[in-house]
Number of protein chains: 2
Amino acid sequence: MSEATPLKIDACFSPHLYSVYKDEESIVVIIDIFRATSAICTAFHNGAEKIIPVATVEEARALKDKGMLAGAERNAIKVDGFDFGNSPYDYMGGHVMGATIALTTTNGTQAIDVSKDAYKVVVGAFTNISALCNWLVKQNRNILLLCSGWKNRFNLEDSLFAGAMTAELVKRNPEYKLGDACLALDYLYQMAKENPVRFLGRASHKERLHKLNLKEDIKYCLQPDLTDAIPVLENGVLVRMKQELPGA
Amino acid sequence: MSEATPLKIDACFSPHLYSVYKDEESIVVIIDIFRATSAICTAFHNGAEKIIPVATVEEARALKDKGMLAGAERNAIKVDGFDFGNSPYDYMGGHVMGATIALTTTNGTQAIDVSKDAYKVVVGAFTNISALCNWLVKQNRNILLLCSGWKNRFNLEDSLFAGAMTAELVKRNPEYKLGDACLALDYLYQMAKENPVRFLGRASHKERLHKLNLKEDIKYCLQPDLTDAIPVLENGVLVRMKQELPGA
């Protein structure tokens, strides 16, 4: 990329808007904080080999019927008959070590589906934010933060995280030029960072999760830097990125 | 509407996302601060009779060829051969009194086009914010703030104004329930309101307008309450809402 063109970071608030933002050279970061991308990072941290993201429950069931472990969530609830929902706690422990897992969720896997032809697709969460940002700045590429939202609507927690990513990336490279969405999110994050739980207190999805008694999940998903795992999409399948050696 | 269902305000950041947010009972507020909706309010304040929003330059030209006054803007510049661009200053003075004007703009008229079948469509700008909010709270209806954005992307100035609308509406009726987008915008506006010009200093479109030397336009468009005119869409044509008597 020529030196005259500054690197850009932008954010897209809905998978439905991705077609407006997409280009052929940006790295796309998939964000679904409550809870798909947090759970995916947890699965790789716990040794999962592959995660096959699929758009529909039927596709996930077909893979489960072939003997694969499978997770399925709709409307924040685990779908009957599946091994996992999208709680990170479902993906902790020896049972995911070495496993290939099919996964479908209300929002996160839809975001992966629309962006699958991007230059590169990685998965972001508070739990891997530093590892991911360290890797991203080394790539010298434009970055698109793709918020999964809630059924294609803007949501507060994905936006908050995109704001955190923006702030962390700019801290590492102040030369990034921010799109309007990132400018707004950067302000928002500065306001929220002292107490993100309180900031999210009125968010629609937090309300939804609270009704389902998922307070522990929320707390977990807002913890930074629990893992160095960076999930990356390769030929339609998520794997743990190989380059991350200790200290890399 | 039953008392058990709180009235809602939500915001949609792009005409391309409108299909996700639309319903049959919300009042839609069209927002294109720099500069279409500001210019439309100015035109009605100066006595324009009707504004016919059209999506394409060709449609606007066809109406001009029939003898109508016509405005056309693309990429912030007046299209050759038209009477007006989308600067509010184009719509001040005796020449618009009683006139019917065809208008096409890069973003604002696209937002009107996608939402034309809504329960009701009105036009908002800083210049009519109090009159509009006073009217809206009396309607006892859900409200959708439709930001025109820039070529279907999120932009900072429309979002800032949607945040100002949210704050003004909640001030008048604290019972409104805010969608996640409005929660974010409300925070953003609280941060920006002391100095909106500085806040917008890094916005992409402000940069674009600055290059075109439109500083006066920007200043004008950020001034609150220059008019009581509320443009409303009736059978595809914008007219000045009739109910606004002095003190109403």
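Does B:Arg35 count as buried or exposed, and at what relative accessibility? At 4% relative accessibility, B:Arg35 counts as buried, because the cut-off for buried is under 20%. This is a predicted model, and the report starts from that residue.

Most peptide bonds are trans. The bond from B:Phe34 to B:Arg35 is cis, with omega near 10°. B:Arg35 sits in the loop between β2 (27-31) and α2 (36-45) of chain B. Chain A has a cis bond too, from A:Phe34 to A:Arg35, with omega near 10°. There, A:Arg35 belongs to the loop between β2 (27-31) and α2 (36-45) of chain A.

Side chains of opposite charge can pair when their charged atoms come close. B:Arg35 pairs with B:Asp217 in a salt bridge, and their closest N and O atoms are 2.9 Å apart. This pair links distant parts of the chain. B:Asp217 is in helix α10 (residues 215-221) of chain B, while B:Arg35 is in the loop between β2 and α2, 182 residues apart. B:Asp217 is buried, with a relative accessible area of 6%. B:Arg35 is buried as well, at 4%.

**Other salt bridges**

The count over all chains comes to 14 salt bridges. One of them joins the side chains of A:Asp83 and A:Lys64, at 3.2 Å from N to O. A:Asp83 lies in the loop between β5 (77-78) and β6 (100-104) of chain A, and A:Lys64 lies in helix α3 (residues 57-65), so the pair ties together parts that are 19 residues apart in sequence. A:Asp83 counts as partly exposed, at 30% relative accessibility. A:Lys64 is also partly exposed, at 25%.

A further bridge stays inside one helix. B:Glu168 and B:Arg172 form a salt bridge, with the closest N and O atoms 2.8 Å apart. Both residues lie in helix α6 of chain B, four residues apart, which is about one turn of the helix. B:Glu168 is buried, with a relative accessible area of 16%. B:Arg172 is partly exposed, at 29% relative accessibility. In chain A, a network of salt bridges links A:Glu168, A:Lys171 and A:Arg172.

The table sets out three of these pairs.

| Salt bridge | N to O distance |
|---|---|
| A:Asp83 and A:Lys64 | 3.2 Å |
| B:Asp217 and B:Arg35 | 2.9 Å |
| B:Glu168 and B:Arg172 | 2.8 Å |

**Positive phi in chain B**

Most residues other than glycine have a negative phi. B:Asn140 is not a glycine, yet its phi is positive, at about 55°. B:Asn140 is found in the loop between α5 (129-139) and β8 (143-147) of chain B. B:Lys151 is not a glycine either, and its phi is positive at about 50°. The place of B:Lys151 is the loop between β8 and α6 (156-172) of chain B. At 45% relative accessibility, B:Lys151 counts as partly exposed.

**How the two chains relate**

The same surface serves both copies, as 100% of the contact residues of chain A recur in chain B.

Conventions
Residues are numbered from 1 along each chain as its sequence is written. Chains are lettered from A and ligands numbered from 1 in the order in which they are written. This is a predicted model: local features need pLDDT of at least 70, side-chain atom pairs count only at pLDDT 80 or more; totals for chains, interfaces and linings use all residues. Side-chain values use heavy atoms; hydrogens and water are left out. Helices (H or I, at least four residues) and strands (E, at least two) are DSSP runs, numbered from the N terminus. Buried means under 20% relative accessible area, exposed over 50%, partly exposed in between (1.4 Å probe, protein chains only). Contact means heavy atoms within 4.5 Å. A salt bridge is a side-chain nitrogen of Lys or Arg within 4 Å of a carboxyl oxygen of Asp or Glu.
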